[in-house]
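User: I am new to this structure. Please take a close look at a single part, then show me what lies around that part.

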Amino acid sequence: MNQLIQELECRHSTAIPIIYSLLSSFFFALTALTIKLVPNVPPTQVLYVRSLFTIMMLKWIAKDKIDSYPQKQINKLQWRGLCGGLGTVGWFWAVRLIQSSEVIVLSKISPLWTALIAAYITKTDKLTLKLIIIILFCIIGVILIARPPFLLMALGQDVNQNTEYDIHMLGVILALSSSITQSIVQVIISHLAKSVHQIAILQYFSFYTIILPMLFELYNQSQLIFPSQQEWVFLLLNSASGGLAQFFMNRCFILGKLNKMSLVGQSQVLFSYFFDIVVLNESINSLSIIGSILVCGCLISVIL
């Protein structure tokens with residue numbers, strides 16, 4: 001079976017990474033949907049169950065022995081796991097706090113962070129005037145999604161800074177933080193692509209997404225919620241979709257070009273809006289839609 005898949009990947013070296021990226025986008029959007037469908041279960045507990053499931057699934061998939069790696073590669077795997085774990089914890093909480101379509105749009109601005117990292121940290125690229133303009137438009141899009149009081153006042157809308165507004169802003173901040181860690185993860189995966197087995201990358205990531213939620217729950221002294229039968233179905237669906245999303249994301253970045261895969265990955269926004277409107281029957285704020293269009297347009301400009 002593995003040999004057949006490898007032959008297909010070699011034979012269709014352009015189409016297969018795109019298909020993997022589309023599948024990853026669909027399963028990421030489905031993961032966000034299932035978090036919404038279990039409102040009584042804390043997001044960290046949802047993530048803990050998903051990570052345990054992923055570990056077991058990887059054990060079943062990885063029938064071949066995975067070789068050990070030099071310390072340099074182990075360090076990169078650790079950083080991939082830590083950054084990915086922190087970003088995923090923030091992403092899960094953000095999905096619970098605000099609309100999943102908003103979370104996905106905000107978390108997809110990682111190419112802009114990658115460009116800034118290349119310009120100021122790794123010094124591998126320059127910050128051009130075009131990129132500065134794109135970043136400014138992206139900031140405007142983020143502001144429209146966040147809907148701060150000064151924007152609402154300028155538009156003549158009532159401003160009521162209550163708990164609901166604070167929750168919305170916290171969700172926006174967590175989603176933006178997740179996008180920063182995602183840009184770091186993409187760079188690390190591209191460096192590990194040719195030297196580390198894909199399953200090993202997922203194993204390190206899953207390990208950290210088990211440890212970090214446990215530490216968070218212990219710190220908050222949260223009470224363990226035992227899910228109902230229906231909630232267990234959604235938790236298992238979340239686990240399967242989350243594991244598959246990570247699997248296809250890693251595979252598409254290993255086989256395809258980073259900029260092209262990031263471009264195809266914007267389809268995740270469309271999947272998330274579909275789930276929000278059709279499945280959850282949520283009304284989408286017009287400012288959020290305009291902001292999403294601005295952000296996605298900026299991302300496409302950066303990637304192209």
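Analyst: Helices here are DSSP runs of H or I with at least four residues, strands are E runs of at least two, and both are numbered from the N terminus. This is a predicted model, in which local features need pLDDT of at least 70, side-chain atom pairs count only at pLDDT 80 or more, and totals for chains, interfaces and linings use all residues. Residues are numbered from 1 along each chain as its sequence is written, and side-chain values use heavy atoms, with hydrogens and water left out.

First, the setting. The protein chain has 14 helices and zero strands.

Which residues of α13 are buried? They are S267, Q268, V269, S272, Y273, F275 and D276. After α13 comes N281, and its phi is positive, near 55 degrees.

Ring pairs join F275 to a cluster with Y20, F26, F27, F248, F271 and F274. Rings of Phe, Tyr and Trp (its six-membered ring) pair if their centres lie within 6.5 Å; planes under 30 degrees apart count as stacked, over 60 as edge-to-face and the rest as tilted.

An unreviewed UniProt entry annotates several transmembrane regions, among them residues 232-249. Such annotations may be inferred rather than shown by experiment; positions follow the numbering used here, and feature names are shortened. Residues 232-249 are 100% helix and 0% strand, with end C-alpha atoms 25 Å apart.

The structure holds eleven aromatic pairs. One of them joins F28 and W91 edge-to-face, at 6.5 Å centre to centre and 70 degrees between the planes. F28 sits in helix α2 (residues 15-36) and W91 in helix α4 (residues 71-97), so this pair ties together parts 63 residues apart in sequence. F28 is buried, at a relative accessible area of 13%. W91 is buried too, at 8%.

Methods:
Buried means under 20% relative accessible area, exposed over 50%, partly exposed in between (1.4 Å probe, protein chains only).
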